[in-house]
Amino acid sequence: MNDPRAIIDDSPMRLLQYLIILITCLLNAVDGFDVLAISVSGPGIMGEFGIDRAELGFVLAMELVGMSIGSVLLGRVADRLGRRSMILGCLLVMASGMYLTTFTTDVLTLCLWRVYTGLGIGGMLSVTNAAAAEFSNKHHRGLCISMVVIGYPLGGIVCGEVGKALLQPGAVNWRDMFLWGASLTALLIPLVYFLVPESVHWLARTQPVNALARTNATLRKLGHATVDELPAIQDQSKVALAAIFAPVIVLSTLLVTAAYFFHMIAFYYVLKWTPTIVVELGIEASAASGVLTWANVGGALGGVVFGLLTTRIGLKPLTIAIMVLTMVGVATFGRSQPDVMQLSYLAAFAGFFGNAGISGLYTIIAYVFPTHLRATGTGFVIGVGRGGAILSPIIAGQILQSGASLGTVGLVMGGFSLLGAVAILLLKPSEDGPRMVERRRRESDLRASA
């Protein structure tokens with residue numbers, strides 16, 4: 001067996017592979033902390049800078065703008081330069097952006113640093129999904145991707161608990177949330193540097209200088225047999241964004257992007273507005289952070305349950321059902337009373353199905369795109385889909401500012417997840433698209449070598 005990708009795909013997973021999946025989960029966790037730090041800080045930002053809810057909606061969206069740009073642009077870079085280098089670069093951007101946010105003295109500067117931080121987060125999101133898929137074998141791939149996705153709500157749980165401690169009356173100000181985020185992000189840099197090798201799938205496809213030696217070094221590090229040579233690949237052209245719009249895959253690209261876009265609108269309404277809504281119901285900021293914690297506890301459980309259910313239920317029907325239940329959860333949360341326990345339970349319900357839906361979408365994305373387009377395709381879907389996350393706090397802020405009830409806002413925002421379920425319903429249930437792309441690529445390689 002001279003294809004190292006087949007060794008990874010078909011062999012039992014080794015200890016280091018499980019550890020790498022755990023590290024990608026932690027990478028997603030710092031993403032969750034960084035993104036939700038601004039949500040927890042929302043009431044303090046409103047008070048310090050004297051802005052209203054509509055203006056706060058734009059502030060909350062700024063790192064999402066950076067995430068969208070970073071996902072699209074840096075996903076392509078990851079397909080060209082490698083997974084490991086991209087992860088390390090994104091960690092540096094995220095840590096520095098969070099740290100520089102602590103020196104903010106006006107809203108404009110705050111927004112600029114949030115966009116900058118979002119660039120790193122977006123790039124990280126595009127590459128961690130690809131890395132998890134490529135370091136896991138075929139049998140455990142769906143479960144491993146689901147485990148990575150639960151890192152996001154786990155980071156949100158930590159963020160909520162830190163917020164409860166920092167935002168007590170008379171305690172330190174909201175900037176310390178970002179100092180914590182910068183520190184936690186920086187701690188992962190040496191962990192990735194020493195433990196995460198370059199992806200065998202990426203090395204076999206691109207074959208950079210010393211590709212065989214690097215591939216065998218990774219295989220030995222993972223505990224697998226080495227190879228004598230790499231598969232012949234003649235096509236070394238750059239990955240073009242247009243490739244994910246090839247006729248055999250364009251419909252899948254558009255549908256999965258639309259599904260992610262709509263689901264993000266619903267999910268980020270809960271993530272971004274929960275602390276501010278709870279505070280405006282007359283509940284203290286520390287308790288509001290606790291409600292957000294429960295939303296993320298539900299999200300973490302949703303990711304785990306989804307991963308276990310994928311071994312028993314088809315991916316497509318399971319994801320559709322979960323997205324429909326996300327709509328129910330978001331709409332119900334909008335009709336809650338000003339009671340901390342009730343708000344916590346309803347937030348957990350919405351978070352459970354919201355994050356389980358993201359697990360489903362991430363897994364579908366990994367199957368929709370072939371290896372040589374995986375980070376590019378993932379980056380595009382997440383980048384464009386994050387447009388929904390950008391619009392979510394803005395749409396909700398404008399509706400809330402107009403005087404609409406929370407029940408109306410919840411119903412409108414939850415309805416977007418239902419639209420996402422319709423998009424997945426229209427998606428072809430097989431992997432024919434990516435298989436055909438891979439087959440045509442191999443045929444082109446053979447013709448070039450003949």
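## Salt bridges and burial

R83 counts as buried, at 2% relative accessibility. Here buried means under 20% relative accessible area, exposed means over 50%, and partly exposed lies in between, with a 1.4 Å probe and protein chains only. This is a predicted model, in which local features need pLDDT of at least 70, side-chain atom pairs count only at pLDDT 80 or more, and totals for chains, interfaces and linings use all residues. Residues are numbered from 1 along each chain as its sequence is written, and side-chain values use heavy atoms, with hydrogens and water left out.

The side chain of R83 meets that of E134 in a salt bridge, at 2.6 Å from N to O. R83 belongs to helix α5 (residues 83-101) and E134 to helix α6, so this pair ties together parts that are 51 residues apart in sequence. E134 is also buried, with a relative accessible area of 1%. A salt bridge is defined as a side-chain nitrogen of Lys or Arg within 4 Å of a carboxyl oxygen of Asp or Glu. Helices are DSSP runs (H or I, at least four residues), as are strands (E, at least two), and they are numbered from the N terminus.

The structure holds six salt bridges; the table includes three of them.

| Salt bridge | N to O distance |
|---|---|
| R83 and E134 | 2.6 Å |
| R5 and D3 | 3.0 Å |
| E63 and R114 | 3.9 Å |

E63 pairs with R114 at 3.9 Å between the closest N and O atoms. Because E63 lies in helix α4 (residues 53-81) and R114 in helix α6 (residues 107-135), the pair links parts that are 51 residues apart in sequence. E63 is buried at 0% relative accessibility, and R114 is buried with a relative accessible area of 0%. In the pair formed by R5 and D3, R5 is buried with a relative accessible area of 18%, whereas D3 is partly exposed at 25%.

## Cysteines

A search of the whole structure finds zero disulfides, a disulfide being a pair of cysteine sulfur atoms within 2.5 Å. The sulfur of C111 has its closest cysteine sulfur in C159, 18 Å away, which is too far for a bond. For C159, the closest cysteine sulfur is that of C25, at 16 Å, again too far for a bond. C111 is buried, with a relative accessible area of 13%, and C159 is buried at 0%.

Helix α7 (residues 141-149) has seven of its nine residues buried, so it is largely enclosed by the rest of the structure. Its buried residues are R141, G142, C144, I145, S146, V148 and V149. One of these, V148, is in contact (heavy atoms within 4.5 Å) with T24. Leaving aside neighbours within four places in sequence, T24 also contacts T128, A131 and A132. T24 is placed in helix α2 and is buried, with a relative accessible area of 2%.

Helix α2 (residues 15-40) also gives the most to a nonpolar patch, with three residues. The patch is formed on the surface by L19, L22, L26 and L191, which together have about 290 Å² of accessible area. Patches are made of residues with over 30% relative accessible area and no salt bridge; like charges are joined within 9 Å, and nonpolar side chains (Val, Leu, Ile, Met, Phe, Trp, Tyr) within 5 Å. Accessible areas come from the Shrake-Rupley method with a 1.4 Å probe, and for residues only the protein chains shown count as cover. L22 lies in helix α2 and is partly exposed, with a relative accessible area of 46%.
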